Amino acid sequence: MTPRPLALMAKDLRLVFADGAGIVQPVLLGLILVFVFSLSTPVGHDVSAQAAAAIFWLATSFAMILVFNTLYSSEGSNQSRIGLLLAPMPIQYIWIGKALAGGVLLLMAQLVFLPAIVVFLGQDEVTAWPMVLGCILLVDWGLVAVGSLLGAMSQGHSARDSLLSVVIFPLLIPVLLAGISMGSYFLGDGSGEDLGSWIGVVLAFNALFTGAALLLFPFIYGEY
Amino acid sequence: MHENINPDVLLELDRVSHFFDDRLVFKNISLKLPRGEVMLLAGPNGAGKTTLVHIMTGLISPTSGTVLSGVPSEKTAYLGHHTFIYPGLSGLENLRFWAGMYRLHKSLEELEDLLALVGLKGFMHENARTFSRGMAQRLSLARVLMLQPDIFFLDEPATGMDAQSRQMLRNEISKARHRGASLVWVSHSLQEDLDQADKVLYLENKKQAFFGLTSDFKDVLQERLH
């Protein structure tokens, strides 16, 4: 039998793909961001590697907000949230399931953003693709840990999208800075001396927010 | 919610009171629900029936008082106004998902039988978005029956159902009762549902106005009418 967090993830992905909007909107929003920033330099000039990395992670962050809003609002239409809360399982499974689904959707969006960065921002010196993927997965883990927690927190608020963005961005600063620094290295800028330190920052961030989310989620989502 | 110690009593409430902020919903509700009994929960709109059911299921904690349950959560089922149905999934996929959440190994044939029982086998591959309110409620009933619960919490379960579906619901309630399950049943159709119940809890004026045998409640009703 499929573990319940994976069953939750599979259900969410099925719902998102059946509807389409849950993945198309984040991808389009990110692409628009990349395209608009590509207009910020004169014709013939490329955006710096650091700026390109910043735009990539900004697009990812905006996409993440839409993704988690979609994932958590799907439990509201017929109050299936109550059903999940009554199911005989730790409440944290919901957080894990949503985080996994969000991670998959975010990765899919990034698979579109990466070539867009190359094409629109002139970044053609991408090195060490396996390392790039590893870096993306590492930062994504931190993003979805926070995103899944705050997605749950924002449910029930009429202005949930704006609330989510207001709360989420200050929290994401450390992991975004790390992502930008690592990204700029992989896009051919810098010597990579600080790479180890930034990986340490991301690992610490991931451990902290994963632990905090597991601890806080029942208080945030468990109270009906 | 605490574990109960008396195996014959599935649910016990002791002086349960609840506030929403500083507004009192009800106070000092005490009751025992023995195995195999049906308790009708009635009262005017706003009396706190749904809130009390949520407290009984453990969904919300009472402001004061204790709730003792002898039934593990996997043997508890709730059917309320909301159907818990995902509109983007088919009827079969919805059932399969909830079976997974309860770690139930259900074959395709078993799920088909459940859908046939509630008259939805012919629609099982259709998107639940296309279901009428009554069909959605029947799918929700299939979910509840699938759990084979020891205790049912039914909050106006016949909402949106036609006469045939309501009869099917009564039959299934009767079957569940015969195998020893207990039911807490919120109803607005007292005349229609009273005969199904062993006991009645009537909430009025923020308190337990009546709790006792159905026959006694009928007497009280008669007195009120005269």
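How many residues of chain B are in contact with chain A? There are 24, and they meet 26 residues of chain A; contact means heavy atoms within 4.5 Å. This is a predicted model, in which local features need pLDDT of at least 70 and side-chain atom pairs count only at pLDDT 80 or more, while totals for chains, interfaces and linings use all residues. Residues are numbered from 1 along each chain as its sequence is written, chains are lettered from A in the order in which they are written, and side-chain values use heavy atoms, without hydrogens and water.

Start with the area. The two chains bury about 2,300 Å² between them, 71% of it on carbon and sulfur atoms. Buried area is the accessible area (1.4 Å probe) that two parts lose on being put together, summed over both. B:Leu59, B:Tyr86 and B:Met101 supply 28% of what chain B buries against chain A, more than any other three residues.

The rule finds 1 salt bridge across the interface. A:Arg14 and B:Glu93 form it through their side chains (2.6 Å, N to O). The cut-off is a side-chain nitrogen of Lys or Arg within 4 Å of a carboxyl oxygen of Asp or Glu.

Which helix of chain B gives the most to the side that touches chain A? That is α2(B), with 5 residues. Helices here are DSSP runs (H or I, at least four residues), and strands are too (E, at least two), numbered from the N terminus.

Finally, look at B:His18 in strand β2 (residues 9-20). B:His18 is buried, at 7% relative accessible area; buried means under 20% (1.4 Å probe, protein chains only). Its contacts include B:Phe26, B:Ile55 and B:Pro62.

Terms used. Buried means under 20% relative accessible area, exposed over 50%, partly exposed in between (1.4 Å probe, protein chains only). Lists of a residue's contacts leave out its neighbours within four places in sequence.
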